[in-house]
Amino acid sequence: MTVSWTQHRFSGGVLALDAANTVVLRGDPERTFDRFEQAAELPRFAAAATRFRAAELGARQLAVSDAETILPTVLAIRETTDRLFRNVVGQGEVATMDVPEFLRACSDGLAGHDEHFGASEKPFGDPGKPLALEAALAVSALSLMSADNLRRLRICPNCNWLFIDRSRNSSRLWCDMAVCGNRQKAKRHYRRQREEVSYV
């Protein structure tokens with residue numbers, strides 16, 4: 001199934017969480033599906049992420065050399081990222097049991113890439129050359145381990161996606177107010193109307 005990679009699909013706040021959220025309705029065995037089921041979606045995701053995550057990536061273009069080859073690495077980073085940080089939201093702390101596999105996946109994403117990250121003016125390296133998607137995912141995932149990011153992690157109560165709450169008072173409920181927030185408002189409105197009708 002071809003995906004329309006709209007801005008809403010990049011509601012996680014960082015690239016690694018956007019990738020984690022490519023499993024739709026995670027935890028619902030009857031309705032869940034994987035947007036990366038076909039390796040051909042990786043280049044399309046990378047192209048959209050280049051646009052929607054330009055600020056995080058320092059305007060660096062994401063590249064996919066061989067989608068079939070990197071798919072297992074991308075999926076490993078995605079799944080270990082989701083497991084580790086979903087547990088952080090649920091437990092309020094990092095579980096050391098989740099860390100080794102996460103670090104191995106990130107290490108695999110960085111292996112074989114000669115990159116330099118972290119300079120204040122170019123945190124994702126040289127913007128003049130493309131960056132491998134798997135390396136970008138690894139760096140983005142590792143950045144989530146900062147104390148501030150851990151404190152701001154949330155799970156959307158509507159779609160179950162992970163996101164970072166960047167609001168000033170850390171009170172954001174939805175990954176995307178225009179989509180999930182409005183859906184929840186509509187559900188509440190519908191329930192209220194049904195309750196009012198039942199009293200008539």
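Reader: At what angle do α4 and helix α6 pack?

Author: This is a predicted model. Two packed helices are described by the angle between their axes and the distance between the axes. For α4 and helix α6 (residues 133-143), the axes lie 10 Å apart and the packing angle is about 15 degrees.

Reader: Are α4 and α6 roughly parallel or antiparallel, and which residues make their contact?

Author: An angle under 35 degrees counts as roughly parallel, and α4 and α6 are therefore roughly parallel to each other. Their crossing is left-handed. The contact is made on the α4 side by Ile70, Thr73, Val74, Ile77, Thr81 and Phe85, and on the α6 side by Leu133, Glu134, Leu137, Ala138 and Ala141.

Reader: How do the residues of the contact of α4 with α6 divide into nonpolar, polar and charged?

Author: The contact includes Ile70 and Val74 of α4 as well as Leu133 and Glu134 of α6. By class, the residues of the contact of α4 with α6 comprise 8 nonpolar, 2 polar and 1 charged.

Reader: How many residues of α6 are buried?

Author: The buried residues of α6 are Leu133, Glu134, Ala135, Ala136, Leu137, Ala138, Val139, Ser140 and Ala141. Helix α6 is largely enclosed by the rest of the structure, because the buried residues number 9 of the 11.

Reader: How are α4 and α5 oriented relative to each other, parallel or antiparallel?

Author: The axes of helix α4 (residues 67-91) and helix α5 (residues 99-110) come within 9 Å and cross at roughly 150 degrees. Angles over 145 degrees count as roughly antiparallel. The crossing angle therefore makes the orientation of α4 to α5 roughly antiparallel.

Reader: Which residues make the contact of α4 and α5, and how many of them are charged?

Author: The crossing of α4 and α5 is left-handed. Its contact is made by Thr73, Ala76, Ile77, Thr80, Thr81, Arg83, Leu84 and Phe85 of α4, together with Val99, Glu101, Phe102, Ala105, Cys106, Asp108 and Gly109 of α5. In the contact of α4 with α5, 8 residues are nonpolar, 4 are polar and the charged ones number 3.

Reader: Which residues does leucine 150 touch, not counting residues up to four places away in sequence?

Author: Leucine 150 belongs to helix α7 (residues 147-152). Leucine 150 and valine 88 are 62 residues apart in sequence, yet their C-alpha atoms are 7.2 Å apart in space. Leaving out residues up to four places away in sequence, leucine 150 touches Phe85, Val88, Val94, Leu144 and Met145.

Reader: Where is arginine 44 placed, and which residues does it touch, not counting residues up to four places away in sequence?

Author: Arginine 44 is placed in helix α2 (residues 41-52), and at 35% relative accessibility it counts as partly exposed. Its C-alpha atom is separated by 8.4 Å from that of valine 3, which is 41 residues apart along the chain. Not counting residues up to four places away in sequence, arginine 44 touches Thr2, Val3 and Trp5.

Reader: What is the phi of leucine 25, and what is that of serine 170?

Author: Most residues other than glycine have a negative phi. Leucine 25, in the loop between β1 (23-24) and β2 (33-34), has a positive phi of about 55 degrees. Serine 170 is in the loop between β6 (162-164) and α8 (177-199), and its phi is positive, at about 50 degrees.

Reader: How many helices and strands does the chain have, and what percentage of its residues are buried?

Author: The secondary structure comprises 8 helices and 6 strands, in the order α-β-β-α-α-β-α-α-β-α-α-β-β-α from the N terminus. Among contacts with a separation of 6 or more, 61% are between residues 24 or more positions apart. Of the 200 residues in the chain, the buried ones make up 43%.

How values were computed. Residues numbered from 1 in each chain as written. Predicted model: local features only at pLDDT ≥ 70, side-chain atom pairs only at ≥ 80, totals over all residues. Heavy atoms only, no water. Axes fitted to C-alpha atoms, helices over the stretch in contact; angles between N-to-C directions. Helix = DSSP H or I, 4+ residues; strand = E, 2+ residues; numbered from the N terminus. Parallel < 35°, antiparallel > 145°, perpendicular 65-115°, else oblique. Left-handed = near helix turned anticlockwise from the far one by under 90°. Contact = heavy atoms within 4.5 Å. Nonpolar A, V, L, I, M, F, W, Y, C, P; charged D, E, K, R; others polar. Buried < 20%, exposed > 50% of the residue type's maximum accessible area, 1.4 Å probe, protein only.
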